[in-house]
Amino acid sequence: MLETASCGKLFRMDTEIQTKLRRLAEYLDRKGLDGVFLNHRASFAWITGGKDNHIPGNSPNGVVGILATGDSRICFTNTIEHPRFSEEELAGTGIEVVSYPWYDSQAARKTLKELIASRKIAADSTDGGDCDRFGAGLAPLPEDFTQLRWSLTPEEIQRYREGGRRTSAAIESACRKIVVNMTEHEIAGVLDAEVHSRGLVPVVTLVAADDRVTKFRHPIPTENRVSRYCMLVTCASFGGLISNMTRFASFVPLSAEIRRKQQAVCNVDAVVNLSTRPGKTLGDMFKTLEKAYAENGFDGEWKFHHQGGSTGYAGRDVFAEPGSTVAIVENQAFAWNPSITGVKSEDTILCTKTGIESITTISSDWPKIRGRFGDQSLDRADILLR
């Protein structure tokens, strides 16, 4: 581990951060840059080893940014945020926190200019972030920067496993607490409470009850009340890494048609998950999905909803689409979400050189269904009967 000095204190840099700074240094060299200013929540979490810079939940930009080079990280923020970030969020990271008076934009410009010091810096938020607001005039960061975070480090994988375990427990618990006549808003409240209580941050919460399950693929909660059947979706962040899951609960016996669709969608999910391998393209994966739908009796059903793709510090980094040449890399996370009207299967996995690892899991007392793919099979979450 490297040892660096920050604010007069000796800091031992962990392997995760060493790996990321090495990747960053190589990227900067390729792009002819001296550094990057990272304000997006996903970028901030990545460069800090899972820390969080958000206040409003409806913005992709955080309230503080990181000026990062191949061998250093400095946090730039205002005097409101400085105490919490220096004493809590970034404590022990070796990241120096530099601030300006929140009411003095001139001082902010001066401080930022001094930090940049005529170096060639690119920013990931030129649309309202600090660099934009204070007239730094930085170039936008190339879109391929996000690829630096695709292959997860061992430390990130450990963090992801823990986040997946917590997310799995949260959504299963929420499904068991739903009662007939709850509104979708109330169900969403139960789900988010379960997520928050486990130290997770809900990024997406979707709920559909009864007829809305078959009508809408992205159902935000409403005052609609559940009487028969309910779908819960969560995308929950832990240490910056997002676990994506869908689960169903039913208060009535399942019809033969729902059973047929459920087996089919779990077959499709097994096919796409077991086919996820380093080196394949997302275009390859889309063809696999398209074929699996047809072979399971639901040709063209993919047209009604995206099928998922790579994940990690974003709910989805890249979606699987026809003709995509984006290649899968080792130790990259994926969340596939095939759906057939009325049913859906979604979990988060890690793609390794030896196969897939489930990040989100199915507990021993949750009903399972065996998804089939030729002579292979994969347990998928079945519908919980209440």
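Select Tyr-27, Trp-46 and Phe-145: these three rings form one aromatic cluster. Rings of Phe, Tyr and Trp (its six-membered ring) pair if their centres lie within 6.5 Å. The model is predicted: local features need pLDDT of at least 70, side-chain atom pairs count only at pLDDT 80 or more, and totals for chains, interfaces and linings use all residues. Residues are numbered from 1 along each chain as its sequence is written, and side-chain values use heavy atoms, with hydrogens and water left out.

**Stop 1**

Helices (H or I, at least four residues) and strands (E, at least two) are DSSP runs, numbered from the N terminus. Axes are lines fitted to C-alpha atoms, for helices over the stretch in contact, and angles run from 0 to 180 degrees between N-to-C directions.

Now show the side chains. Ile-17, Lys-20, Leu-21 and Leu-24 of helix 1 meet Trp-46, Ile-47 and Thr-48 of helix 2. Contact means heavy atoms within 4.5 Å. By class, there are five nonpolar residues, one polar and one charged. Here Ala, Val, Leu, Ile, Met, Phe, Trp, Tyr, Cys and Pro count as nonpolar, Asp, Glu, Lys and Arg as charged, and the others, Gly among them, as polar.

Move along helix 1 to Asp-29. Is Asp-29 buried or exposed? Asp-29 is exposed, with a relative accessible area of 64%. The classes are buried under 20%, exposed over 50% and partly exposed in between (1.4 Å probe, protein chains only).

**Stop 2: Arg-149**

Select Arg-149, in the loop between strand 8 (139-140) and helix 6. Arg-149 counts as buried, at 9% relative accessibility. Which residues does Arg-149 touch, not counting residues up to four places away in sequence? They are Arg-23, Ala-42, Ser-43, Trp-46, Tyr-313, Ala-314 and Asp-317. The C-alpha atoms of Arg-149 and Gly-297 are separated by 37 Å, and the residues are 148 apart along the chain.

**Stop 3: helix 6 and helix 7**

Next, select helix 6 (154-177) and helix 7 (184-197). Their axes come within 8 Å and cross at roughly 145 degrees. The crossing is right-handed. A crossing is left-handed if the near helix is turned anticlockwise from the far one by less than a right angle, and right-handed if clockwise. Ala-170, Ile-171, Ser-173, Ala-174 and Lys-177 in helix 6 meet Val-190, Leu-191, Glu-194 and Val-195 in helix 7. That contact has six nonpolar residues, one polar and two charged.

Go to the loop between these helices and pick Asn-181. Its phi is near 85 degrees, a positive value in a residue other than glycine. Asn-181 counts as partly exposed, at 46% relative accessibility.

**Stop 4: Asp-210**

Pick Asp-210, in the loop between strand 9 (201-209) and helix 8 (211-215). Asp-210 also is not a glycine, yet has a positive phi of about 55 degrees. At 9% relative accessibility, Asp-210 is buried.

**Stop 5: helix 9 and helix 10**

Select helix 9 (residues 256-274) and helix 10 (residues 282-295). The axes come within 9 Å and cross at roughly 155 degrees. The helices are therefore roughly antiparallel to each other. Helix 9 passes helix 10 in a right-handed crossing. Val-268, Val-271 and Val-272 of helix 9 touch Met-285, Thr-288, Leu-289, Ala-292 and Tyr-293 of helix 10. Seven of these residues are nonpolar, one is polar and none is charged.

**Stop 6: ring pairs**

How many aromatic pairs does the structure hold? There are nine. Planes under 30 degrees apart count as stacked, over 60 as edge-to-face and the rest as tilted.

Select Phe-76 and Tyr-100. This pair is tilted, with 5.0 Å centre to centre and 35 degrees between the planes. Phe-76 sits in strand 5 (residues 73-78) and Tyr-100 in strand 6 (residues 96-100), 24 residues apart. Phe-76 is buried, with a relative accessible area of 0%. Tyr-100 is buried at 4%.

Finish at Phe-334 and Trp-336. Their rings are stacked: 5.4 Å centre to centre, 15 degrees between the planes. Both residues are buried.

Definitions and conventions
Parallel < 35°, antiparallel > 145°, perpendicular 65-115°, else oblique.
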